[in-house]
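Please look through the structure below with these notes beside you.

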Amino acid sequence: MAVTIKSEHEIELMREAGRILSIVHDEMAKVIRPGISTMDINRRGEEVINSYGCIPSFLNYRGYPASICISVNDEVVHGIPSKKRILQEGDIVSLDAGVIYKGYHSDAARTHAVGEISEEDQRLIDVTKQSFFEGVKMARAGNHLFDISKTIQDYAEGHGFSVVREMVGHGIGQKLHEEPQVPNYKPIGRGMKLRPGMTLAIEPMINKGAKDIWILDDDWTCVTRDSQNSAHYENTVLITEGEPELLSYNKDLA
């Protein structure tokens, strides 16, 4: 499938999808505490998405059974919410969510502390988030796609962490996953030239230990092979003539 360039009307719809998603994340963050189940967080996210007349992007997507991907500690992405999975003091939890507004998707992820966490886990969360913001500086018309990838990798590895290879960002629009793939590491070549109207979900997944991952028997939950913690940070980004626009980020909420 070719990369889609969004019209002004499409961008407006995606802007609203992103605005709503930033509120969803803010509301989910408010309920995170020791003793809550991951299913409780999923339920809260679902309630907020529905309250805006939107549809959860992930629910039943390729068979995924929940509205929010909730990944705890060494789970990298695609953790399945459960009533039995109770958050503990010192955990870190990644929330990955998407909404469909009038046929258009937004996608964003945040990693949160549960109560007091270790200094190293806080550094992992902070570096993962900042690797996104370093990478997105490259998300400008005329630059190449892998300029984003290289910048994310250089920042994360420069701080002693590793970058997951198998899971990558992606284009987004009427479909949750569109072309192009957006790696968080530098592949061979430069990648396509970025053009105004492209919309990308840029999403560093950064591990405390080695980069290696595997998938659990549920066929969804992705974990680190060495059982060390992982963090995830993502926004839906619009390429413009100038500065990139973060469609799913509200600086007053994030």
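1. In this predicted model, helix H2 runs over residues 38–51, and its 14 residues reach 20 Å from the first C-alpha to the last, which is close to the 20 Å expected at 1.5 Å a residue. Just after H2 comes Gly53, a residue that takes a positive phi of about 70 degrees.

2. Which residues of H2 are buried? They are Thr38, Ile41, Asn42, Gly45, Val48 and Ile49, and because they cover an arc of only 130 degrees around the axis, they lie on the same side of H2. As for their partners, the buried residues of H2 pack against H1, strand E1 (55–56), strand E2 (69–72) and strand E4 (92–101).

3. Turning to charged groups, side chains of opposite charge can pair when their charged atoms come close. A search of the whole structure finds 16 salt bridges, and a network of such bridges links Asp26, Glu27, Lys30, Arg44 and Glu47.

4. Another salt bridge is formed by Lys208 and Asp121, whose closest N and O atoms are 2.8 Å apart. This pair links distant parts of the chain, 87 residues apart, since Lys208 sits in the loop between strand E10 (205–207) and strand E11 (213–215), and Asp121 sits in helix H3 (residues 119–136). Are the two partners buried or partly exposed? Lys208 counts as partly exposed at 22% relative accessibility, whereas Asp121, with a relative accessible area of 6%, is buried; the cut-off for buried is under 20%.

5. A further salt bridge is the one in which the side chains of Glu157 and Arg165 meet, at 3.9 Å from N to O. The distance deserves a careful reading, because a salt bridge is counted when the nitrogen is within 4 Å of the carboxyl oxygen. Glu157 is partly exposed, with a relative accessible area of 36%, and Arg165 is partly exposed as well, with a value of 24%.

Terms used
Residues numbered from 1 in each chain as written. Predicted model: local features only at pLDDT ≥ 70, side-chain atom pairs only at ≥ 80, totals over all residues. Heavy atoms only, no water. Helix = DSSP H or I, 4+ residues; strand = E, 2+ residues; numbered from the N terminus. Buried < 20%, exposed > 50% of the residue type's maximum accessible area, 1.4 Å probe, protein only. Expected span 1.5 Å × (residues − 1). Arc of directions from axis to C-beta. Contact = heavy atoms within 4.5 Å.
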